[in-house]
Amino acid sequence: EMKSIFEVQYRGKNANTTEIEKMVKEDVKAKGVKISTIDTLNIYFTPETSSVYYVVTTKDGESINNDEPLNVE
């Protein structure tokens, strides 16, 4: 199986999308959502501010998002 790494480079900073996804999943789990109940996970990265926003839709139609951005180091 092929393994790929996807990084966003912007103004001297690197943002690894795998790490961003992992960070988002941890935040979602902290809100009491089980990963196995997720239908879709949309992640939005703003490179200017290193901010990450997300919208989760669960299999039963519930929508969860983050009001405060997660920040990429």
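This is a predicted model: local features need pLDDT of at least 70, side-chain atom pairs count only at pLDDT 80 or more; totals for chains, interfaces and linings use all residues.
The chain has 73 residues. Its secondary structure comes to one helix and six strands. From the N terminus on, these elements run β-β-α-β-β-β-β. Along its principal axes, the C-alpha trace spans about 40 × 35 × 15 Å. Of the residues, 22% count as buried. The chain exposes about 5500 Å², and carbon and sulfur atoms supply 47% of that area. Contacts between residues at least 6 apart in sequence were also examined; of these, 27% join residues at least 24 apart.

Strand β1 covers residues 7-10 and strand β2 covers residues 13-16. The two pair in the antiparallel sense over four bridges. Tyr 10 has Lys 13 of β2 as its bridge partner. Two residues lie between the strands of this hairpin. In the turn, Arg 11 has a positive phi of about 50°.

Helix α1 spans residues 17-30. Glu 19 lies in this helix. Glu 19 is partly exposed, with a relative accessible area of 46%. Along the chain, Glu 19 and Asn 65 are 46 residues apart. Their C-alpha atoms are separated by 18 Å.

With β3, the pairing is antiparallel and runs over eight bridges. Phe 45 has Val 52 of β4 as its bridge partner. With β5, β4 is joined by three bridges, and the strands again run antiparallel. Here Thr 57 stands opposite Ser 63 in β5. With β6, residues 70-71, β4 is joined by two bridges, also antiparallel. Ser 51 has Asn 71 of β6 as its bridge partner.

The hairpin of β3 and β4 has four residues between the strands. Within it, Ser 50 takes a positive phi near 55°. The hairpin of β4 and β5 also has four residues between its strands. In that turn, Gly 61 has a positive phi of about 90°.

The largest nonpolar core has twelve residues. Among them are Ala 15, Ile 20, Val 24, Val 28, Val 33 and Ile 38. The core also includes Val 52, Tyr 54, Val 56, Ile 64, Leu 70 and Val 72. Helix α1 and strand β4 each supply at least two residues of this core. Val 33 is in contact with Val 28, Ile 38, Thr 58 and Ile 64, leaving aside its neighbours within four places in sequence.

Thr 58 lies in strand β4. Thr 58 counts as buried because its relative accessible area is 5%, under the 20% cut-off. Beyond neighbours within four places in sequence, Thr 58 is in contact with Val 33, Thr 37, Ile 38, Asp 39 and Ile 64.

Ser 50 is found in the loop between β3, residues 38-46, and β4, residues 51-58.

Lys 59 is found in the loop between β4 and β5, the latter covering residues 63-65. Lys 59 counts as exposed because its relative accessible area is 59%, over the 50% cut-off. Not counting residues up to four places away in sequence, Lys 59 touches Ser 36, Thr 37, Ile 38 and Asp 39. The side chain of Lys 59 reaches the backbone oxygen of Ser 36 at 2.9 Å. Lys 59 and Ile 38 are 21 residues apart in sequence. Their C-alpha atoms are 5.8 Å apart in space. Thr 37, Ile 38 and Asp 39 are likewise listed among the contacts of Thr 58.

Terms used. Residues are numbered from 1 along each chain as its sequence is written. Side-chain values use heavy atoms; hydrogens and water are left out. A nonpolar core is a set of buried Ala, Val, Leu, Ile, Met, Phe, Trp, Tyr and Cys residues joined through side-chain atoms within 4.5 Å. Buried means under 20% relative accessible area, exposed over 50%, partly exposed in between (1.4 Å probe, protein chains only). Contact means heavy atoms within 4.5 Å. Two strands pair if DSSP finds at least two bridges between them. A polar contact is a pair of N or O atoms within 3.5 Å; within protein, one must be able to donate a hydrogen and the other to accept it, and residues adjacent in sequence count only if both atoms are side-chain atoms. Accessible areas come from the Shrake-Rupley method with a 1.4 Å probe; for residues, only the protein chains shown count as cover.
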